[in-house]
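Subject: Two-chain model, with notes

Dear colleague,

Here is the structure I promised to pass on to you. Please have it open while you read the notes below.

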Amino acid sequence: MIADPGAVETGDRRMQLLVELATTVARAPWTLGRVDRTRAHAAGLDDADLLHAIALAALFGHLNRIADAVGVPLDYAVALDVPQIDPAAPQLAPAPASLTGREAIDPGGRPATARALADWRGYMFQRDAPLTRRQRTLIARWVATWLGDGGISAPDDLTNNPHDDLLRALAEQITLAPWRLGEDSFAPLRAIGFDDVALFDVCATASSAGVFSRLNVALVALAR
Amino acid sequence: MALAIVDPAGDPALRAIYTAMRERPLPPAYRTPHGGVPGIIAAHSLDPQLIPRVFGCSTTLNGAGPLSWPERELVNAITSRLNQCFY
């Protein structure tokens with residue numbers, strides 16, 4: 001059980017770099033840079049290792065958010081004291097600016113993962129129910145902005161009705177403070193007719209967009 | 001109240017997806033003591049078609065290297081802890 005993720009000491013340079021990398025990908029992927037890639041190489045992590053770790057951290061960001069949205073129970077008994085969620089913990093900081101450019105590491109270096117991600121992305125963004133395609137695009141663009149993904153243009157031109165503001169508020173909580181998800185998070189959209197299926201679609205669209213943007217931002221940032 | 005988990009008993013499509021997920025080759029450590037699908041799969045039950053997409057991707061990342069199994073679990077655990085997710 002990890003009580004304090006900031007105090008994890010693995011005693012192994014390669015494992016310690018993985019702790020640092022996962023931490024940065026989860027919190028602020030845009031802060032990675034060429035120096036991190038160089039340090040990782042010196043610790044025995046090559047580019048394939050880095051791509052693997054970044055993709056894993058991005059995927060688990062989605063699983064964590066969906067687990068929080070649904071409140072899924074544990075599958076097994078835990079003998080240790082489980083740390084408690086701290087709802088007062090500050091939300092993650094949004095990116096101060098968006099990154100553009102080429103990835104330092106080609107995500108196609110894991111072909112099966114790249115195909116699976118493309119299939120996932122197509123499913124999330126190429127359909128019209130329960131959310132409309134426009135709503136999906138809006139959410140993806142907001143998430144990209146919060147994560148510093150300059151590969152998707154800013155959403156300002158599309159934000160023009162009160163329902164969008166409610167969608168934005170839920171997408172923001174999913175992206176920046178998923179541990180605070182609860183009925184208060186869903187109530188405003190329920191009040192305008194969103195049922196659980198539609199609310200889940202909002203959560204899944206935002207958290208899926210987070211996977212794709214987090215991966216892209218981290219890989220682009222490593223080139224700077 | 002969090003979002004619902006759909007009972008597969010009343011949803012043949014979801015039940016078929018759960019069956020396919022249970023039949024995936026998995027290390028024993030990932031099999032649940034209750035014999036059903038893991039809760040994180042059931043957490044996606046409101047959108048059954050998303051399940052094979054997400055967990056297909058997961059299989060490509062958690063089922064093979066180059067990172068070793070302990071290294072993969074370390075990344076997953078650190079990420080979950082930072083997101084305050086204790087599932």
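The notes that follow take the two chains in turn, then the contact between them, and end with a few local features.

The model is predicted, so local features are described only where pLDDT is at least 70 and side-chain atom pairs count only at pLDDT 80 or more, while totals for chains, interfaces and linings use all residues. Residues are numbered from 1 along each chain as its sequence is written, and chains are lettered from A and ligands numbered from 1 in the order in which they are written.

The two chains

Chain A has 8 helices and 0 strands, where helices (H or I, at least four residues) and strands (E, at least two) are DSSP runs, numbered from the N terminus. Its radius of gyration, taken over C-alpha atoms, is 18 Å, close to the 17 Å that the globule rule (2.2 Å times the number of residues to the power 0.38) gives for 224 residues, so chain A is as compact as a globular protein of that length. The C-alpha trace of chain A spans about 55 × 45 × 30 Å along its principal axes. Of its 224 residues, 45% count as buried, a residue being buried if 20 or more other C-beta atoms lie within 10 Å of its own, exposed if 12 or fewer, and partly exposed in between, with C-beta atoms placed from the backbone. Two residues are in contact if their C-beta atoms, again placed from the backbone, lie within 7 Å, and among the contacts in chain A between residues at least 6 apart in sequence, 81% join residues at least 24 apart.

Chain B contains 4 helices and 0 strands, and its C-alpha trace spans about 40 × 30 × 25 Å along the principal axes. Of the 87 residues of chain B, 38% count as buried, and residues 24 or more positions apart account for 55% of its contacts with a separation of 6 or more.

Where the chains meet

In all, 56 residues of chain A are in contact with 43 residues of chain B. On the chain A side, the elements that give two or more residues are α1, α3 (47-70), α4 (111-125) and α8 (196-221), and the largest share, 18 residues, comes from α3(A). The residues on this side divide into 39 nonpolar, 7 polar and 10 charged, where Ala, Val, Leu, Ile, Met, Phe, Trp, Tyr, Cys and Pro count as nonpolar, Asp, Glu, Lys and Arg as charged, and the others, Gly among them, as polar.

Helix α4 (residues 69-82) of chain B packs against helix α1 (residues 13-27) of chain A at an angle of about 40 degrees, with the axes 9 Å apart; axes are lines fitted to C-alpha atoms, for helices over the stretch in contact, and angles run from 0 to 180 degrees between N-to-C directions. The two helices are therefore oblique to each other, given that angles under 35 degrees count as roughly parallel, over 145 as roughly antiparallel, 65 to 115 as roughly perpendicular and the rest as oblique. Among the residues of α1(A) that take part are Met15(A), Leu18(A) and Ala22(A), while those of α4(B) include Leu74(B), Val75(B) and Ile78(B). By class, this contact has 9 nonpolar, 2 polar and 2 charged residues.

α4(B) also packs with α3(A), at an angle of about 45 degrees and with the axes 9 Å apart. Here Ala53(A), Leu56(A), Ala57(A), Phe60(A), Gly61(A) and Asn64(A) meet Arg72(B), Val75(B), Asn76(B), Thr79(B) and Ser80(B), and the residues of this contact divide into 5 nonpolar, 5 polar and 1 charged.

Local features

Most residues other than glycine have a negative phi, and most peptide bonds are trans. The peptide bond from Ala129(A) to Pro130(A) is cis, with omega near -5 degrees, and Pro130(A) lies in the loop between α4 and α5 (133-147) of chain A. In chain B, the bond from Gly65(B) to Pro66(B) is cis, with omega near 20 degrees, and Pro66(B) lies in the loop between α3 (50-62) and α4. Gln84(B), in the segment after α4 of chain B, has a positive phi of about 55 degrees although it is not a glycine.

With best wishes
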